[in-house]
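Please open the structure in a viewer and keep the selection tool at hand.

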Amino acid sequence: MPIPSNRLVQQVDYRHPVSSAPPLVEEPLSPEGMALTMSGGGFRAMLFHVGVLLRLNELGVLSRLATISSVSGGSITNGMLAASWRKLEFRDGVATAFDREVVAPIRQLAARTIDWQAVLTGWFTFRPIANVLADIYDEHLFHGIRLQDLPDDTKGEGPRFVFDATSMQTGELFRFSRRYAGDYLVGRMDSPDFPLSHAVGSSSAFPPMLSPMVIDVTPGSIVRGSGKDLSVEPYTSRIVLTDGGVYDNLGLEAVWRRFRHLLVSDASAVLLPEPSPGRAWTRQLGRAIDTTSAQVRDLRVRQLMAAYLAPEADAEFWRRGAYWGIAGDISSFGCPGALECPPDRTHRLASIATRLKSTSALLQEQLINWGYAACDASMRRWVVPDASPPAGFPYPKSAV
């Protein structure tokens, strides 16, 4: 077997199953700041993460987050949070208007089927389907808000909101935020003025049906990237993006180099056994893609768990925080006072298809309840052990 070149050996850290791309802007590793990441997973993830944010808000943690990084369905929730941040009416670190400003509009969107609406509209108008999807988000959630309208984290106005997409041109992570947007091979745009709906639409442009998002860029607006060779036309004038989950469905990479303290909310699709795999090439391809995605996600989770367990003497690698997943078992946290969440019911919720499809009021409430309960058990076990157990689910009659 050929021996890797010295250049390759220097670039790879064999302790880590997943390496991270260079940042768009060099920022020091924060010893105190805390980041939250929210995975993709369509409306299933969108609603699960709503429950997560409800509990983080009650715990007083939401107001203390430095960055929130999201992918796909998680980016819909993150976008609504970002758009409404200034209207949340924080008192003693807890948002009192969270239900009105975040939960209500998301639940209204969840009652609609928007993926097929975007597909059909795109077909008949000859527009990129993700761009149509972005218009739907803007109509129902964001109402013209742009990235520059979001809170400025450098002035202490709120956390940095990051929306992760994947560049179909470079195969790298493409990040949107108020401060900058771009990928490290092509370069970055400082203070981008894209509509928030374009950032969320790019992040949730699930292939092949909802992809790609096509964005034309003003010439000269991109600062040369570290890759240098790709800071040229057509990369610098037209951006072609797909779902952030293609690259990193946990949204970890955007925060890994910046934060010691990481909270990770995972509502990723569960890969179920397939007793009779289809022979058609489309079925085989879909199964292969699902398997690959699950394995990449599992590698990132293993990296995260290893970092949580690493001693602080391992200066570059150790992290602290909490992870919870929609496919988990609440008893595994070993948290006293955890809400009752029978595994057969939560596993059913974890198996909901990754769609932007109309969801019944009951199912919405069960997904929100499950996100709330999973977050609570993990946070009280690993991050805020002195916090009081919750009185009950946000929607007690629906349970999980």
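How many residues lie between β6 and β7 in the hairpin that they form? There are three residues between β6 and β7. This is a predicted model, in which local features need pLDDT of at least 70 and side-chain atom pairs count only at pLDDT 80 or more, while totals for chains, interfaces and linings use all residues. Residues are numbered from 1 along each chain as its sequence is written, and side-chain values use heavy atoms, with hydrogens and water left out.

Select strand β6, residues 173–176. Helices (H or I, at least four residues) and strands (E, at least two) are DSSP runs, numbered from the N terminus. L173 and R175 on one side of β6 and F174 and F176 on the other are all buried, where buried means under 20% relative accessible area, exposed over 50% and partly exposed in between (1.4 Å probe, protein chains only). In a regular strand the side chains alternate between the two faces of the sheet.

F163 has F176 as its bridge partner in β6. The hairpin of β5 and β6 has five residues between the strands, and G171 in the turn shows a positive phi of about 75°.

**Second stop: strand β1**

Select residues 30–38, strand β1. Seven of its nine residues are buried, so β1 is largely enclosed by the rest of the structure. Show β12 (residues 259–266), which runs parallel to β1 and is joined to it by six bridges. Then show β2 (residues 67–71), which pairs with β1 in the parallel sense over four bridges. Centre on A35: it stands opposite L262 in β12 and opposite T67 in β2.

Select α2 and α3 (residues 73–84), whose axes come within 6 Å and cross at roughly 45°. That makes α2 oblique to α3. The contact involves G42, F43, A45, M46, H49, V50 and L53 of α2, together with G73, G74, I76, T77 and L81 of α3. Contact means heavy atoms within 4.5 Å. Axes are lines fitted to C-alpha atoms, for helices over the stretch in contact, with angles running from 0 to 180 degrees between N-to-C directions; under 35 degrees counts as roughly parallel, over 145 as roughly antiparallel, 65 to 115 as roughly perpendicular and the rest as oblique.

Move to α11, residues 343–350, where the buried residues are T346, L349 and A350. The buried residues of α11 pack against α2 (42–58) and α12 (361–382).

Select P207 and P208, which are joined by a cis peptide bond with omega about 0°. P208 is placed in the loop between α7 (196–203) and β9 (213–216). A cis bond also runs from E233 to P234, with omega near 0°, and P234 lies in the loop between β10 (223–224) and β11 (238–243).

Finally, select F126, in the loop between α5 (115–125) and α6 (129–142). Its phi is near 60°, a positive value in a residue other than glycine, and F126 counts as exposed at 79% relative accessibility. S191, in the loop between β8 (187–190) and α7, has a positive phi near 50° and is partly exposed, with a relative accessible area of 47%.

Notes. Pairing = 2+ DSSP bridges.
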